[in-house]
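These are my notebook entries on one chain. I wrote down what I looked up, in the order I looked.

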Amino acid sequence: MEPKRPSIPMQVQAFRRRNRRLRWPWVLAAALVALLLIWLVSRSPGDSSPQPPAPASIMQPSGPPWQMGNPEGRFTLTLYADLECPFCREYFPQLKHWVGNNTDVALQWHHQPLAAHEPAASAEARLAECAAEAGGHAAFWQAVEWVYAHTRSDGQGLPDGLRYPESTPAVEQCMASERPDATIRAQAAEATKSGVTATPSLRLLDRQTGQAILLQGPIEGDALLSAMDMLAADNPASDAAAVVTTPTSEMPADVVGDMPR
């Protein structure tokens with residue numbers, strides 16, 4: 001005969017059933033919260049809602065004319081120069097320093113090899129162009145500074161056997177091509193057409209007003225600032241073709257003769 005199981009009072013049974021009914025919604029809610037947390041943690045960063053694209057950074061053009069300074073500055077200063085011109089060599093460090101202290105100015109180079117300085121002037125211009133083709137704007141100015149530091153000037157060129165230390169296979173390949181010659185010839189022809197009669201010369205352009213002025217000979221910083229003020233005036237005293245031929249420095253300039261073809 002089986003032993004008799006103890007009976008559970010009816011009140012206890014009712015309490016247990018009621019307690020089970022009360023726990024069920026909480027268990028379901030906890031499960032839902034756990035699933036939500038798992039989903040949030042497992043989301044990859046790429047699942048986030050798309051953000052508007054950031055504005056593109058301001059970049060310099062990838063080819064000539066090669067620039068230094070602020071490419072978005074109000075004023076563009078074009079230097080017409082010959083790498084064999086001794087006056088250009090003396091003036092260039094001063095101009096570079098001035099541009100570095102004037103954040104609203106971009107300096108760009110314009111080749112003008114003089115006939116009296118050939119073939120060295122064009123050979124050095126080719127080196128600078130090829131260095132820039134391989135390395136960009138900074139490489140161009142590095143090559144210019146190296147040439148001015150080592151050339152014997154006045155058409156004598158670089159010392160025999162001296163090799164550009166930053167030369168690479170890409171630079172050598174460019175030097176063996178005709179690519180730099182086209183740029184040099186085009187810039188020289190444009191300089192002559194623009195009325196440049198001496199190196200160094202400068203063309204100052206106010207990009208906001210469109211006014212420009214040609215300053216022939218090495219121009220000191222105070223005169224450049226005065227030219228900037230004049231171009232920025234509501235009614236500038238000169239139009240886009242104005243030329244100032246009197247340099248404000250005692251440093252002379254090389255007179256442009258017949259340009260090489």
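Two residues are in contact when they have heavy atoms within 4.5 Å of each other. With that settled, I looked up the contacts in the chain with a separation of 6 or more, and residues 24 or more positions apart account for 76% of them.

I note the ground rules. The model is predicted, so local features need pLDDT of at least 70 and side-chain atom pairs count only at pLDDT 80 or more, while totals for chains, interfaces and linings use all residues. Residues are numbered from 1 along each chain as its sequence is written, and side-chain values use heavy atoms, with hydrogens and water left out.

Entry: overall make-up. I found seven helices and eight strands; these are DSSP runs numbered from the N terminus, helices (H or I) of at least four residues and strands (E) of at least two. Of the 261 residues in the chain, 37% are buried. Buried means under 20% relative accessible area, exposed means over 50%, and partly exposed lies in between, with a 1.4 Å probe and protein chains only.

Entry: the core. A nonpolar core is a set of buried Ala, Val, Leu, Ile, Met, Phe, Trp, Tyr and Cys residues joined through side-chain atoms within 4.5 Å. The largest one here has 41 residues, and Leu77, Leu95, Trp109, Leu202 and Leu224 have the most contacts inside it. Helix H4 gives the largest share of this core, seven residues. I then looked up Leu202, leaving aside neighbours within four places in sequence, and its contacts include Leu77, Leu95 and Leu224.

Entry: H3 and H4. The axes of H3 (residues 120-135) and H4 (residues 137-150) come within 7 Å and cross at roughly 150°. Axes are lines fitted to C-alpha atoms, for helices over the stretch in contact, and angles run from 0 to 180 degrees between N-to-C directions. H3 and H4 are therefore roughly antiparallel, a label for angles over 145, whereas under 35 is roughly parallel, 65 to 115 roughly perpendicular and the rest oblique.

Entry: H2 and H4. Helix H2 (residues 86-100) packs against H4 at about 140°, with the axes 10 Å apart. That makes H2 oblique to H4. The contact is made by Cys88, Arg89, Phe92 and Lys96 of H2 and Trp141, Val144, Glu145 and Tyr148 of H4.

Entry: Leu205. Is leucine 205 buried, partly exposed or exposed? Leucine 205 is partly exposed, with a relative accessible area of 22%. Leucine 205 lies in strand E5 (residues 201-206).
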